[in-house]
Amino acid sequence: MIKKDGMEIKKKQYQGFEVEDEGDEGRFQEMIKKEDDEMKKKKFQETMTKIKKRPPPPWCRHDDDDDDEDDGEFRKQKKRKKVTRCDQQYPTPPLDLPIKFRKRIRALGGSDIALVIQKCLFKTDVSSGHNRLSIPLNQIRQTFLTPQETEFLNSGNNEKKCSEMEVMLIEPSLRRDTISLRKWEMKKASGSATSMCVLVGKWNSVAWRNALREDETVQLWSFRINSKLCLALVKRRAKTYA
């Protein structure tokens, strides 16, 4: 017992320290609780540090050589050609012209049948606002134009942006119609240019009548009737040749 302001105050032993009854015990408990919390936080941080320093399990470890190979493979994958949804959905279509088209061409007296291009339809190929089917010249299977036809398509004058040829087109439905063939030079931001042929004019009608859709695979074939260029458009779906 001690005296404070003339009063006897009882002291208690609290965790090795003497505290007075008048509020000191409560403040001391708060101080001890704060120290305990700091100690727990410190132990938690030490535990996490030890976990981070542990080596990975054997099945997750890689030698330096393997890492280099993986990095090289990753760089190769980035450079690979982008896979379109056509490639993901359908296997590669056969490169032979369906029999019904061959019969139709023979009935018209056609010959010199050749595959011009096989392509996946892009959004711009079926957009009514563009009204054209693009035929990039760097993707065609073989030359389908004669030197005279090429020279004509390359020509033009001040009144007309480019020359065009009217050719007969056999649609996927086997309907016949005429369509315009032009050659465009598409300039890029880099200053270079890409050459392509395009089917224009009635292309929107062709796309609508045959229900052409984005990401659908089509083939464009050429043939000749009395040396005059004609074309045939074939839709290729997995269910038709699987």
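Which residue's side chain meets that of Lys-202 in a salt bridge?

A: The side chain of Lys-202 meets that of Asp-177, at 3.1 Å from N to O. A salt bridge here is a side-chain nitrogen of Lys or Arg within 4 Å of a carboxyl oxygen of Asp or Glu. Lys-202 lies in the loop between strand E9 (193-200) and helix H6 (203-209), and Asp-177 in strand E8 (residues 176-187), so the pair ties together parts that are 25 residues apart in sequence. Helices (H or I, at least four residues) and strands (E, at least two) are DSSP runs, numbered from the N terminus. Salt bridges that share partners also join Lys-202 and Asp-177 with Glu-171 and Arg-209 in one network. Asp-177 is buried, at 16% relative accessible area, while Lys-202 is partly exposed, at 39%. Buried means under 20% relative accessible area, exposed over 50%, and partly exposed in between (1.4 Å probe, protein chains only).

The structure holds 9 salt bridges. Another of them joins Glu-149 and Arg-224, at 2.9 Å from N to O. Glu-149 is in helix H5 (residues 147-154) and Arg-224 in strand E10 (residues 217-225), so this pair ties together parts 75 residues apart in sequence. Glu-149 is buried at 11%, and Arg-224 is buried at 13%.

The model is predicted: local features need pLDDT of at least 70, side-chain atom pairs count only at pLDDT 80 or more, and totals for chains, interfaces and linings use all residues. Residues are numbered from 1 along each chain as its sequence is written, and side-chain values use heavy atoms, with hydrogens and water left out.
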